[in-house]
Every structure is written in C-alpha cells, then in structure tokens.
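Have the structure open while you read.

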Amino acid sequence: MVFLVLKGIKNFEDLDDFIFENKVDIRCKESSLSVTLIEPTEEEEGIIALILSDGSQLELPVDQLDDYLEVVPMEK
C-alpha cells in the first residue's frame with residue numbers, strides 16, 4: 001500500500017496536479033469533509049483557499065497541509 005502525503009506541495013497548481021494525477025480525495029482531518037474546490041489566495045503567496053463539501057472555507061499555508069488534510073483514495 002502506498003501512502004501519499006502533501007509535503008511536496010508548494011502552491012495551488014501543485015495541489016491541483018497532485019489530486020488529478022493520483023485520483024485522490026482530499027479531506028479535512030478534523031471534520032472528514034471533502035475538499036470540493038481549491039483556489040489560490042490573492043492576499044498572500046503560499047496560502048491556499050479550500051472549499052469543503054459543506055460550503056465552509058479553509059485558508060492554509062502550503063507547508064501545513066499535511067497537518068490539517070488527509071489523502072484518501074477515490075471510491076470506485
């Protein structure tokens with residue numbers, strides 16, 4: 001079993017590519033809600049805005065993604 005981590009993500013494009021290439025679901029560790037949309041933020045570089053499946057929004061520094069998010073294989 002291969003475990004995928006988000007440590008190598010440096011920006012919005014990296015995360016978007018990671019999800020597409022690995023066909024995974026990204027979820028909030030605390031709530032288990034899926035990330036439905038990823039957006040770059042205009043205020044600060046190195047911060048990614050994430051919209052969760054309940055409509056709530058998280059803004060996280062890219063170096064802390066692994067602390068708050070988990071990578072889950074897509075259900076078939």
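Is Asp25 buried or exposed? At 13% relative accessibility, Asp25 counts as buried (buried is under 20% relative accessible area, exposed over 50%, partly exposed in between, with a 1.4 Å probe and protein chains only).

## About the model

This is a predicted model, where local features need pLDDT of at least 70, side-chain atom pairs count only at pLDDT 80 or more, and totals for chains, interfaces and linings use all residues. Residues are numbered from 1 along each chain as its sequence is written, and side-chain values use heavy atoms, with hydrogens and water left out.

## Salt bridges

The count comes to 2 salt bridges (a side-chain nitrogen of Lys or Arg within 4 Å of a carboxyl oxygen of Asp or Glu). In one, Asp25 pairs with Arg27, with the closest N and O atoms 2.8 Å apart.

Lys7 and Asp66 form a salt bridge too, their closest N and O atoms being 3.8 Å apart. Lys7 sits in the segment before helix 1 and Asp66 in helix 2 (residues 65–68), so this pair ties together parts 59 residues apart in sequence. Lys7 is exposed at 63%, while Asp66 is buried at 16%.

## Around helix 1

Helix 1 covers residues 12–22 (helices are DSSP runs of H or I, at least four residues, numbered from the N terminus). At its start, a side-chain oxygen of Asn11 comes within 3.1 Å of the backbone nitrogen of Glu13. After the helix comes Lys23, with a positive phi near 50°.

Asp17 is in this helix and is partly exposed, at 39% relative accessibility.

Technical notes:
Helices (H or I, at least four residues) and strands (E, at least two) are DSSP runs, numbered from the N terminus. A polar contact is a pair of N or O atoms within 3.5 Å; within protein, one must be able to donate a hydrogen and the other to accept it, and residues adjacent in sequence count only if both atoms are side-chain atoms.
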